[in-house]
Amino acid sequence: MPLEALTAHFPTGLGLAKSLALATAFTPLLLTLFPPTRPKPHLPPLPAGIERIFIPISSGQLEVLVSHPPSGVDKAKAPILFVHGGYGSAWCWTHWVSYFSGREGRVVYAVSLSGHGDSTRPPYFHLLPKSYFAKDVLAVLSYISEQAHPLPPVLVGHSAGGGLAQYVLDCYGHQLREENKISGMICVSPFPPSGGLPVYTNWLRIDPTVLLRMTLSGNAYTALNTPRRVSRAFFGVSHARSLYANDSGEDTVPEGFMRQMNKEESIIWPSTMMLPFVDTQRVIQHLTFSRGGEKDETCVRIALVAGSCDALMSPSVMRLMQRTYGDGCVLQFVDGAGHHLMHDMQWEVGAGAVERIVGGWGI
């Protein structure tokens with residue numbers, strides 16, 4: 001049967017939701033009976049000015065990249081913690097970490113969640129839920145608070161890491177505020193709090209067999225195991241055009257991007273964000289800060305940064321997310337960038353957007 005005829009019968013809408021639910025229920029059983037093992041990603045050397053440290057946790061250790069400002073810490077500037085999304089690691093943020101390392105006064109961190117990058121891979125990694133990775137984020141926030149920074153960090157999460165950041169602020173935001181461990185949250189092309197069903201609907205439009213491949217293989221990496229699939233899902237039009245012009249099958253995705261990708265991923269982490277998974281009002285409450293002054297005004301430190309050509313977290317999805325969080329939520333689009341705007345051609349524009357947002361908060 002031709003591929004077009006096969007994909008014409010793929011479910012959409014409510015049928016898609018039921019199919020996703022069945023796949024989510026069936027695949028973990030296969031993975032439990034036949035747990036896969038995958039090679040570790042090939043991580044390139046770190047750029048100058050970035051160092052690698054390891055933070056101990058109960059299951060091993062977490063890889064964290066750190067960049068200190070060359071001229072010392074500015075007491076008016078909060079540090080930043082970057083959290084990657086699916087198939088990624090701290091390396092995803094090297095452009096942005098390098099960008100901030102050349103700026104004055106701000107320390108930046110990027111974590112590889114458990115089983116990613118050079119962090120310890122827990123048993124049955126492929127079945128770990130978002131609650132497990134949330135503990136990783138809490139561990140790094142605690143480490144940062146122990147470094148005697150003048151201000152607590154801003155949490156910046158990308159894609160599923162953006163969903164994870166919202167989940168952390170929903171479940172642990174009160175504790176983080178009480179312990180002075182959070183200054184704000186910026187989500188970069190994130191899973192929306194209302195659930196990722198529209199995201200996977202968008203993915204099916206550009207790759208109609210993606211869910212079928214993942215379900216039959218029991219391997220989430222099959223979603224992004226060729227340069228063409230990565231380019232369509234992750235990058236904007238400029239990179240896509242350069243890739244489509246090259247039919248050699250070589251890794252033409254920018255900067256050896258595929259080689260550094262995690263060759264396995266927890267299928268449960270994004271699956272548990274398919275339906276609404278965050279109480280947005282509670283997140284807003286946890287990220288409302290006083291401006292000070294006689295009027296004792298407040299501000300909400302929640303912001304979104306997204307690519308205008310993101311095929312997954314499309315502009316319509318991001319606008320709906322902004323409306324969900326209300327007028328206090330800032331939304332900035334990076335023109336021409338795709339989903340992985342930290343390594344797309346417009347990466348510096350995206351980093352600048354984050355810098356302006358944090359600066360606008362006065363931290």
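User: Is R213 buried or exposed?

Analyst: Buried means under 20% relative accessible area, exposed means over 50%, and partly exposed lies in between (1.4 Å probe, protein chains only). R213, at 15% relative accessibility, counts as buried, and D207, at 10%, counts as buried too. This is a predicted model, in which local features need pLDDT of at least 70 and side-chain atom pairs count only at pLDDT 80 or more, while totals for chains, interfaces and linings use all residues. Residues are numbered from 1 along each chain as its sequence is written, and side-chain values use heavy atoms, with hydrogens and water left out.

User: What do the side chains of R213 and D207 form?

Analyst: A salt bridge is a side-chain nitrogen of Lys or Arg within 4 Å of a carboxyl oxygen of Asp or Glu. R213 and D207 meet in such a bridge, at 2.8 Å from N to O, and the structure holds 8 salt bridges.

User: Which residue forms a salt bridge with E63, and how far apart are the closest N and O atoms?

Analyst: The partner is R52, with the closest N and O atoms 2.5 Å apart. E63 is buried, with a relative accessible area of 2%, whereas R52 is partly exposed at 31%. R52 and E63 are also linked with D118 in a network of salt bridges.

User: Which residue does E264 meet in a salt bridge?

Analyst: The side chain of E264 meets that of R121, at 2.5 Å from N to O. E264 is buried, with a relative accessible area of 6%, while R121 counts as partly exposed at 35%.
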